[in-house]
Amino acid sequence: MGTIAQPVDGLRRPNIASADVQLPAVESYEQVDREIISTLGFTKKWLLGLAVAVGAMLVGASAWIYQIYWGLGQAGYEPPVMWGVYIITFVFWVGIGHAGTLISAILYLFRAGFRTSIYRAAEAMTVFAVMTAGLFPIIHIGRPWKFFWLIPYPNWRLLWPNFKSPLVWDVFAISTYLTISVTFLFIGLIPDFAVLRDRETNPVRKRIYGILSLGWRNSDREWRHFAKAYLFLAAFSTPLVLSVHSVVSFDFAMSLVPGWHASIFPPYFVAGAIFSGFAMVWTIAIPMRKWFKLEHYITLNHLDATAKVVLFTSLVVGCAYMIEFFIAWYSGVRPEQEFFWNRVFGQWWWAAWIMLLCNMALPMSLWSQKLRRNPTWLWFLSIFINIGMWYERFVIVVPSLSHEFSPWQWGSYTPSWIDMSFLVGSFGWFFMWFLLFVKQMPVMAIMELKEIVVPKRKHLHDGGHH
Amino acid sequence: MQGVLGAFHELDTTVDAIEELKKARLGHVTVFSPTIRHEIDDAIDGPNSVVRRFTLVGGLLGVTFGYWISIWTGDYWPLVTGGKAIASWIPYTIIGFEVMVLVGCLSTVAGMFINARIPRLTSTVGYDPRFSGGHFGIFVACGADKAPQVEALLQKHGAEEVRRED
Amino acid sequence: MSTEAGSGVKRRDFLKILGATGATTAVVGCSSEKVGKLIPYVESPDNTVAGVSQFYATTCKECATGCGVLAEVRDGRPIKLEGNPEHPVNQGAICATGMSALQGLYNPDRYRQPMLREGDALTPVTWDRALEVLGQKLGEVKSRGGAAGAVFLNAHETGSFPGFLDQWLAANGMPAHLSIDTMAPSATIATNRAAYGAAWPAIDFKAASLILSFSADFLDAWGHRVPQQLAWADARAQLETAPKLVYIGARRSLTGLNADQWIPAKPGSEMAICRAILGQATAAEAATAADVDEGTMTALVAAVRGAGSQVLALCGMTTPDAVECGSMIADINKQNGSVGTTIKPAEAHVGYEGLASYLDLVDAVERMNAGAVQVAFVRNVNPAYSMPAGAGFAAAFAKVGFKVSFSSMPDETSELCDLVLPDNHWLESWGDAVASAGQRSFQQPALEAVFDTRSAADVLIAAARADGAIAASFPQADYRSWMIANFAGGASGFATALTQATVSGSPVAQRATRTAAASRPSPAPALGSGDGNMFVVVYPSATLGDGAGANKPWLQELPDPVTKIAWQSWVEIHPMTAKQMGVKEGDHLTIRTAAGEITAPAYIYMGVRPDTVAVALGQGHTAYGRFAQNVGVNAYALVPNGWDSAGNLSLVASRGTVTRGAEHSQMVTTEGSARQHGRGIAQVMMAAAISAPDAEEHHHDIPGHVSQEFLPGLKSPVAADAQGEFANPLANDKGMYNPEHPTKAEARRWAMTIDLARCTGCSACVTACYSENNIPTVGASYQGRALSPVTWDERPGANIIKGREMAWIRLERYYEGNTNTENEFSPDFEARFVPMMCQHCGNAPCEPVCPVYATYHSPDGLNVQVYNRCVGTRYCSNNCPYKVRYYNWFGYGEPERKQYAWPEPMHWLLNPDVTVRGKGVMEKCTFCVQRIREGENRARSEERELRADEFTTACAQACPSRAIVFGDAADENWSVAKLAYDRRAYHVFEELNTYTAVVYLKKVNHPAPAASATA
Amino acid sequence: MTTKKKWTVIPGFLALAAAATVLSAYSGASSSQGKLVEQPIKFIHAPHVAKLGMNCLYCHSQANKAMDPGNASVATCMGCHTVVKANGSEEIKKLDKYWADKEPIPWNRVHKVPDYVQFPHMRHVNAGVTCQSCHGEIQNQGSNGVIDGYKPVEQYASLNMGWCINCHVQGYKPAEGARLAGMPDSVVKALENEPVKKARYDCAVCHY
């Protein structure tokens, strides 16, 4: 490795294996330091973006205060649709939160070269997405001030949560996932904090980076344990990523609601999560590589490789949709059949077709290498996929509940302005954290970039043996 | 800690210096590098990390705790829900798994911290900010008696700078 | 008296909540750390145990039936009304209207003190001042010689008060009062008098084999609902030998939906049908006149002839020819020889004796209009609302010199009065009632007056005693003393009589004989004439009556048994007609008749003729308190000022034009899909199959594994199974789930059976549940949600539009048959009613999904909901196949919230034994666990085991069909234990393996009695 | 070396945080156990119960037949205090005044369970649970008189759910109850072999 020098740009190229994606335009360790550190530092545009994000977040925050005062009736719930936008948005953000750890852990284990440039941003995205998602179960419950009852802790009531409930599994899965994602992100950041500490001139910032770097000094001993710990974290995170969205899918699959009660849900949800997570990575990374002038770090080869993942997961998700329909027909269970008919051709056809279009049809464009290497198209596609995946959760949650066993209780659902405030607020909250992140911490793993940059050698012929 | 520090800019010269220093047995060698390089690992040929044991113990503790807390609390105040068993081990596997991952990961991190001796709160001896940038460093812990020998060796291999630390 | 204890509680309230408990009905989640007060009595009243209910026997005055009720009184205030099981009329049953009387009692909009008109407004005055004004004005009237022209409109009632009132009026030189009951089926009464010699002969459904109902809605609002329903249900429970019902009318009412056959005769064509049955015309002529199938008509004639003396023909029409038609219907009974068999004039109900006719009222209005009336009194009658506009009541009333109202609610009529002397509610008053001759039941106050009101009788006595000229005629100080003085047994006998449901005797004062208004032709055009292409059927609502119920949120919230609409007016229109007009459900329709017009949203109903629209009375109040005002439209506007030959108002009297308006309203309905989609929720079997045991094997057509075994279903759910296979092997101690546990809870399995052959869909159980379990009503206009940061949804029923009704038990009404209603009119469809509440599943899907054990299975078989543990994830509701869990979207139970359901003093009816739920928690049917605990506590205190059928749930207790039976299915001594194994028994969604504790008994269907041979 | 020692602080912090959580969770922070409530009349139980031997049910007459124990009406007090004036005690004069005014005495509540808890006194009393098991040695309350060292009725138990449940699950020990009630040692001894009385710990026994 290290000798494959692919040109940086150009539209039509021979297909590059994902593992071989390289950074030919990055030549020295110093260049990495310089270029990544130069992305830090405030700009007016950034401040403006932050202000918009904080504003949106405040919309959500005030909606929450309002809702807590009046009760959940202010949201659009319409029994029997007892779960609505909050759960949809929860699953949406948890899904987004899957790309980061997938990239940093699973692709690490698979030695996928294209991961290096994007994994830090994706990991941060994961943390913030899970932080966003984690709010929604609390927002969604009727008495949010009693949320801690779901956590097992010794108490004077002698009461414990019900470990048979998928919601308690959720608590465990989401809190574990958040903890591990934060840990993973932080561990990866330690050597980079050391870099920042050593390059920083402002004494206050230097001090802060110093504390954050935990006294890291790049010694061989540190690297040895670091590498091992990182490997095991990756090894643990791999099943964790798969389990988290499986557990989220259990919220649905464990119930007997037609449209929810399906054994395909765990793989279906995991694939959907990766699909939506990669889309969100595009949404973030494509503008970022442009604005931060990092096109030679996130090359078209990188985008091409991620597009292949998106294409694959889109096929998985599409296959899952088809299997759901097939099983409903094949099962011969009338409530199931009537429900799926209603979902696709009845009351909810518009939502179902938005989902099918965005998640199944549009990503098929990625069979074309031209489009895979077109950042503009990928960015627009990512928006469609985000919308499509939100609607996928809508289609799972709402139509199923509205058309259950008891025909007398069939209903409908329209979100209210409060629901929408929370949706807006969630994006505000997410981007607020992300924007704060990109200006304080390196958006790419400096230390890992250096791993693929060819180091300086005195005797050039001597390189590349390992 | 006394010793001699050498800063290198090239990987191959660093590796050569490490290999020779190890042979010379002039004192404990600490290598600083901006990133993980297998060449350096091979040259140092250090012991395998014990972090894996932390991981194993943490994971086992976690899975045990996960099963235990769910079974014990169910049994402590048995309330039947949905006609299901009080100790339903199948769903409790999820709890067991999640807690295994949680405790396993955290103990892995703890293992890394303990073994890598971080966090360090005091300033470091024998470290130079360049080592997080583009330079490799070699610090040899040795008394003043051996220092000139080390300095010579480092300079021979093309160190950009060699200095003594007290 | 404490200085702080008040916190806004007035002294009057304060005294009522004496006793040591304090108010025990605060809200979940508000654990008050404040120091509360603990206030004992100054002197303990006899027999009162604080926190324990006492039951006072009294008599319901909500309608003329005179059911005996027990007022459950806790710490001085009634909290529930129950039927008196010992009363011969209702035998413990009670209807929704009766139970809702409490909301009339505690209505926040009642007059709180006397009011006197000053300028345009009524202003509060003291009783002294009010009586002074009354005395002065009466003196003036009498001195001017106006007494003879006085008009007193009193709500119709039985018992002694009407006679007492006439005595008072006579003493003042005034004519006898007019006894008004706008809900009484006056035409029927008139024909009954003429044909049988009694206003309301007893109806024996059991003796009948074929019932013909000519719009006689004996299960809705026609006649004496509760005793009729009891008798009907008992008759139908005979299954194979049950009477078959043929309903003849343009609109299929609740009674019609309970019929075995509907013959949708054109309004006004009933006489033609009667003629055919009586042999005066051919079936073909009748079929043409009525616009029905000839074969059906032929079969009907044959069926009636074949049934002989077991025919029961009932007339309930309100058409202009109702009296003539009624007499022909009576002729059917006579010709068949069924008088004395199915119609028993000898056992007449006397509730309708003494009624004034509509024409009497019209005469009074005309006299007012002519300026001949110097003083008028109204008491609980509301002609300003409940008379057709053509009668011109309001304008005429304005010409009366001095108008006095004794009404307790600020209704449309009392708002026009000069002096309001608010009467006590009947629960605050002394009185009596006579349902059948010789049986007198007493009415006694169950609490001190809530507000500063006085019993009208007491006020009349006080007014008389203040007038020197007549004081001597009223030696007693108040009405109670007057009653005792006139009671044969004296004071001690009276005290004993109060504890009994009925005593033999008759009213102590008789009505004065009054000359009825002279018969004269009706000014209204004949039915079927006039322009307009549609018949307009106006009918009294089964829940709100003709408007008197509209101020009670329980009745407003109770979905109409047929249309399932609440808090709204609607126009019933046939799907075919709707399709032709391009009308969708909720589109506004304007109905215009010669009398006036209304606009209301369309409800598409296959139970009306395509040439007919139907509108219910009851809504459209412009006064009458916050719950009644601005809800719907008043259908009296469509009714012409016309009468039949006996002088009774004809509600079904006009044709009209129906046009589609531009607007659209969402229907306030609790109905999702009216079709079962083959899911076996409401199951039936044919009557013939009952005695042919093998015929009905394929009772399920639902896919999936079906178990017919009830035994495991009822007995398995908890300990043994749950602790079995995967249980912790070390857990030998199953705790309270162990049958050996000292509490023996595991030995019980609370269960319920619901006999669909008995259930008529009347919905009394729903209101009983609201009353017993502190269920909030959510449909009032102030209870909506915010549509934006500044605007609120103020439509009545806005929450119900959002599906947020809270009824723990609901009546699902499914239709069978007739799927092509948009393109053809067929009367052959069936309605099935299913009361649906928490099924208390043994393997409840709701339980394992709750993260905090807020719902779980108790050892005695209850699916428990613990409100104070609930965090409100609503997962349980998602996972409930029956959808019987209800969520507190707002703080309906929190007094400081806008959406509070019990504005002061309505909160006095809260049951202290049941926690009021705060916002954000789930709630559902508990099988009245508070009654179970109360029974257990009582048994324990008396050191005995529970006796079989010792207590029951509120729904079962109220049910006038006796369809619901509750008890311990694990103990064979309880009735439910036998019924659960009836061969008609089934579980809803059995294929989901939920092992429900509610067992339904299949409805029994009969072939159409007059099935067309050609069909 | 200082470097090494300093980072040992972190596990210490973690341990402290954990301990604080556990302690606060168990402390019953929301309980008002030990609360002393002043009353409009400084009523003292000791002379009535410990000295005169009046039965609790004399005043709390419903305790064995209703959910609510009841409290003496003013008339009940006056049954004795028309005669018993205790040297013109100020407190009895207050009582006289209430009686003369026909006003109830607005006692301040000491023991209160939340409104969503249904607590049937009679079940407990009839099962033989002594009053003192929950109310402490109420018979000796105010044994120091009303002037110096007056102690009003105290909330004896935490009334936390765990406190209730402990007895329902582990069972009520008759000997322990008798000891608290101040019964003679012989009685307590005799009860020691009695089996504990367990009750249901089904949520719906108290919460509905």
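# Chains C and D, and selected strands and residues

The area buried between chain C and chain D is about 4,000 Å², and 58% of this comes from carbon and sulfur atoms. The model is a predicted one. On the chain C side, 52 residues are in contact with 39 residues of chain D.

The interface of chain C and chain D holds one salt bridge. Its partners are D:Arg200 and C:Asp860, with the closest N and O atoms 3.2 Å apart. In chain C, strand 1 (37–38) and helix 28 (929–941) each supply at least two residues of the side that touches chain D. Helix 28 of chain C gives the most to that side, with seven residues. Sorted by class, the side of chain C that touches chain D has 26 nonpolar, 16 polar and 10 charged residues.

Strand pairing also links the two chains. Strand 1 of chain C pairs with strand 1 (residues 107–108) of chain D in the antiparallel sense, over two bridges. Within this pairing, D:Trp107 is the bridge partner of C:Leu38.

| Strand | Partner strand | Bridges |
|---|---|---|
| Strand 1, chain C | Strand 1 (residues 107–108), chain D | two bridges |
| Strand 2, chain B | Strand 3 (residues 136–141), chain B | five bridges |
| Strand 5 (residues 115–118), chain C | Strand 17 (residues 419–420), chain C | two bridges |

In chain B, strand 2 (residues 28–32) is mostly covered, since four of its five residues are buried. Strand 2 of chain B runs antiparallel to strand 3 of chain B. One of the bridges between these strands has B:Val31 and B:Ile138 as partners. In a regular strand, side chains alternate between the two faces of the sheet.

Chain C contains an open sheet of seven strands in the order 6-5-17-16-15-7-8, with mixed pairing. Strand 6 (121–124) and strand 8 (178–180) of chain C are at the edges and have a single partner strand each, so one side of each is left without a neighbour in the sheet. Strands 5 and 17 of chain C, which run antiparallel, are joined by two bridges. C:Met115 has C:Val420 in strand 17 of chain C as its bridge partner.

Two residues can be described individually. D:His168 lies in helix 9 (residues 161–170) of chain D. Is D:His168 buried or exposed? D:His168 counts as buried because its relative accessibility is 16%, and the cut-off for buried is under 20%. Not counting residues up to four places away in sequence, D:His168 touches D:His124, D:Lys198, D:Ala199, D:Arg200 and D:Tyr201. Among these, D:Arg200 is also the residue that forms the salt bridge with C:Asp860.

C:Arg305 belongs to helix 11 (residues 294–307) of chain C. With a relative accessible area of 46%, C:Arg305 is partly exposed. Its contacts, leaving aside neighbours within four places in sequence, are C:Ala276, C:Ile277, C:Leu278, C:Gly279 and C:Asn336. At C:Ile277, the side chain of C:Arg305 reaches the backbone oxygen at 3.3 Å. C:Arg305 and C:Glu923 are 618 residues apart along the chain, and their C-alpha atoms are separated by 54 Å.

Notes: Residues are numbered from 1 along each chain as its sequence is written. Chains are lettered from A and ligands numbered from 1 in the order in which they are written. This is a predicted model: local features need pLDDT of at least 70, side-chain atom pairs count only at pLDDT 80 or more; totals for chains, interfaces and linings use all residues. Side-chain values use heavy atoms; hydrogens and water are left out. Contact means heavy atoms within 4.5 Å. Buried area is the accessible area (1.4 Å probe) that two parts lose on being put together, summed over both. A salt bridge is a side-chain nitrogen of Lys or Arg within 4 Å of a carboxyl oxygen of Asp or Glu. Ala, Val, Leu, Ile, Met, Phe, Trp, Tyr, Cys and Pro count as nonpolar, Asp, Glu, Lys and Arg as charged, and the others, Gly among them, as polar. Two strands pair if DSSP finds at least two bridges between them. Buried means under 20% relative accessible area, exposed over 50%, partly exposed in between (1.4 Å probe, protein chains only). A polar contact is a pair of N or O atoms within 3.5 Å; within protein, one must be able to donate a hydrogen and the other to accept it, and residues adjacent in sequence count only if both atoms are side-chain atoms.
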